[in-house]
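Q: I'm new to this one. Can you take me through it piece by piece?
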Amino acid sequence: MENLRAGVIGLGGRGYGMVKAVLLDMPGIEITYICDLYQDRVDRAYELIKEKQGFAPKTTLDYREVIASPDTDVILTYSAWEAHVEIAIAAMNAGKFVGTEVGGAYTLQQCYDLVETYERTGVQCMMLENCCYGREELLTLNMVKQGIFGDIVFCSGGYHHDLRDEITGGDKNRHYRLRNYKARNCENYPTHELGPIAKVLDINRGNRMLGLHSMATKAVGLNDYAAKTEGVDPSLANFKFAQGDIVTTVIDCANGQNIVLTLDTSLPRIYSRGFTVRGTHGMYSEWDGEIIIDGQIDPKFEWSRLDDANNIKRYYEKYEHPIWQKFLNDGVRGGHGGMDWLVTEAFIEAARNSSSKPPIDTYDTASWMCITPLSEISIKNHGNYVEIPDFTSGRWKDRTDFTVGEFNID
Ligand SMILES: NC(=O)c1ccc[n+]([C@@H]2O[C@H](COP(=O)([O-])OP(=O)(O)OC[C@H]3O[C@@H](n4cnc5c(N)ncnc54)[C@H](O)[C@@H]3O)[C@@H](O)[C@H]2O)c1
């Protein structure tokens, strides 16, 4: 089978990293065209690709040339948040299946536009949400689908990542986070936790998110960091950032569950996605790597955590997700513990076999991305409830045909 010819847009930290650690090693795909707004980033990727791939890609500073080119079959975009929707829609309009990096939308209209473009063209946009392929997330999903946790009632997760260095270094590093934190107050990065939760709760496939409340704390973490950290632009010590340090979002679902999302990127802490699933028969919590199954412990006599915190290890033998069983057999590869590899493989498989049914489709992409602008509205209104649109126009109730099968483990 011929290789898929990929146009790669956005060659900063993520784009270059994905080219180097995933795309150049991945069977079935070759990089024929690359693009960034900065010539030095294009040049760096060009040299790497030419050397490792054995032939050079075309280059440009204008993403429209990548999309229009007869040399590209699919588009992968690792650009800054602001450009994701524009690039995705342009690719879909050109008939090219597009994988887009994570991040929220800027307006609700962008999400409607994504869906409208898919419904008009039949070309999908797949959010490259690698955390849907995390080993713990997929183990938990497998256990949920086998009914081990009973009826699922509540899920939570967060993007708990101390990014003070990255954010405050934004001008120096030409990075988009700084300008976003200066101007917007919202749940700006919902999908690392919402993606896996949406799979657990069958969002857009028998269930849907109805609405949300969001509240933000004051913004002082970045000021404090700038004031005490050598090398950081001192003017940021007194800058009035818009983005609250911690944003909490509560979402209700048609099937009666609640989801809590936390954005937490400008105070000191260690990394976590805090993935938690609670059901009538048990729970998983990433905080302690802990699985609790009703009847196996007496909760009355355990204080806060089990003696064998991190007992998740015991469950892999029985409940490892088939995607990970195969991955472990074949040899785990790529960044972020392998999930970057898996999400890219899923993109390629969808492009090859059934591009109308990627495992994360345009409806998922739109409904996950819309949390950002809706949270912004809610925060402005002191946490007022904001409805989440049904992008599927009622089809979520029986939309099993839209799933490619990867997450279907029955
Ligand atoms: N899934 C993950 O684990 C993960 C990890 C890191 C970053 N990301 C995501 O990847 C994306 C990029 O993040 P990053 O850290 O590499 O940022 P970055 O700023 O280092 O790189 C983004 C690049 O996109 C380029 N770009 C922006 N607009 C463009 C346009 N219109 N045309 C062409 N190029 C354009 C910029 O010039 C920049 O070089 C973001 O969406 C981020 O959230 C995901």
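A: One definition to begin with: helices (H or I, at least four residues) and strands (E, at least two) are DSSP runs, numbered from the N terminus. This is a predicted model.

Q: OK. Which helix gives the most to the shell around the ligand?
A: Helix 1 does, with 3 residues.

Q: Which residues come nearest to the ligand?
A: There are 25 residues around the ligand, and Gly10, Gly12, Arg14, Leu37 and Glu101 come nearest.

Q: How do the residues of that shell divide into nonpolar, polar and charged?
A: The shell around the ligand has 12 nonpolar, 9 polar and 4 charged residues.

Q: Back to helix 1. Which of its residues are buried?
A: Helix 1 covers residues 13-21, and its buried residues are Gly15, Met18 and Val19.

Q: Why do they line one face of the helix?
A: Seen down the axis of helix 1, the buried residues fall within an arc of 100°, so they line one face. As background, an α-helix has 3.6 residues a turn, so residues three or four places apart point the same way.

Q: And what covers the buried residues of helix 1?
A: The cover includes strand 1 (4-9), strand 2 (29-35), helix 2 (39-53) and helix 14 (339-353).

Q: Let's zoom out. What does the domain assignment give?
A: Domain 1 is 4-129, and domain 2 is made of 131-321 + 362-402. The C-alpha centres of domain 1 and domain 2 are 26 Å apart.

Q: How many residues are in contact between domain 1 and domain 2?
A: On the domain 1 side 21 residues are in contact with 26 residues of domain 2.

Q: Which elements give two or more residues to the domain 1 side?
A: Helix 5 (108-121) and strand 6 (125-127) do. Helix 5 supplies the largest share of that side, 5 residues.

Q: How many nonpolar, polar and charged residues are on that side of domain 1?
A: The side of domain 1 that touches domain 2 has 14 nonpolar, 5 polar and 2 charged residues.

Q: In what sense do strand 7 and strand 11 pair, and over how many bridges?
A: Strand 7 (residues 152-160) and strand 11 (residues 276-279) are antiparallel, with 4 bridges. Ile152 stands opposite Gly279 in strand 11, and Ser156 has Thr276 of strand 11 as its bridge partner.

Q: Thr276 again: what is its bridge partner in strand 12?
A: In strand 12 the partner of Thr276 is Ser285. Strand 11 and strand 12 (residues 282-285) also pair in the antiparallel sense over 4 bridges.

Q: How many residues are in the hairpin that joins strand 11 to strand 12?
A: The hairpin joins the two strands through 2 residues.

Q: Different topic. What about the phi of Arg174?
A: Arg174 has a positive phi of about 55°, although it is not a glycine. Its place is in the loop between helix 8 (170-173) and helix 9 (176-183). Arg174 counts as partly exposed because it has 14 C-beta neighbours inside 10 Å.

Q: And the phi of His336?
A: Phi of His336 is near 55°, a positive value in a residue other than glycine. His336 lies in the loop between helix 13 (322-330) and helix 14. With 16 other C-beta atoms within 10 Å, His336 is partly exposed.

Q: Where is Pro70, and why does Pro70 count as exposed?
A: Pro70 sits in the loop between helix 3 (63-68) and strand 4 (74-77). Pro70 counts as exposed because it has 7 C-beta neighbours inside 10 Å.

Q: Last one: where is Asp398?
A: Asp398 is in the segment after strand 14. With 9 C-beta neighbours inside 10 Å, Asp398 counts as exposed. Asp398 and Asn204 are 194 residues apart along the chain, and their C-alpha atoms are separated by 8.8 Å.

Conventions
Residues are numbered from 1 along each chain as its sequence is written. This is a predicted model: local features need pLDDT of at least 70, side-chain atom pairs count only at pLDDT 80 or more; totals for chains, interfaces and linings use all residues. Domain bounds come from an automatic or database domain assignment. Two residues are in contact if their C-beta atoms, placed from the backbone, lie within 7 Å. Ala, Val, Leu, Ile, Met, Phe, Trp, Tyr, Cys and Pro count as nonpolar, Asp, Glu, Lys and Arg as charged, and the others, Gly among them, as polar. A residue is buried if 20 or more other C-beta atoms lie within 10 Å of its own, exposed if 12 or fewer, and partly exposed in between; C-beta atoms are placed from the backbone. The arc is that of the directions from the helix axis to the C-beta atoms. A residue is near a molecule or strand if its C-beta atom, placed from the backbone, lies within 6 Å of it. Two strands pair if DSSP finds at least two bridges between them.
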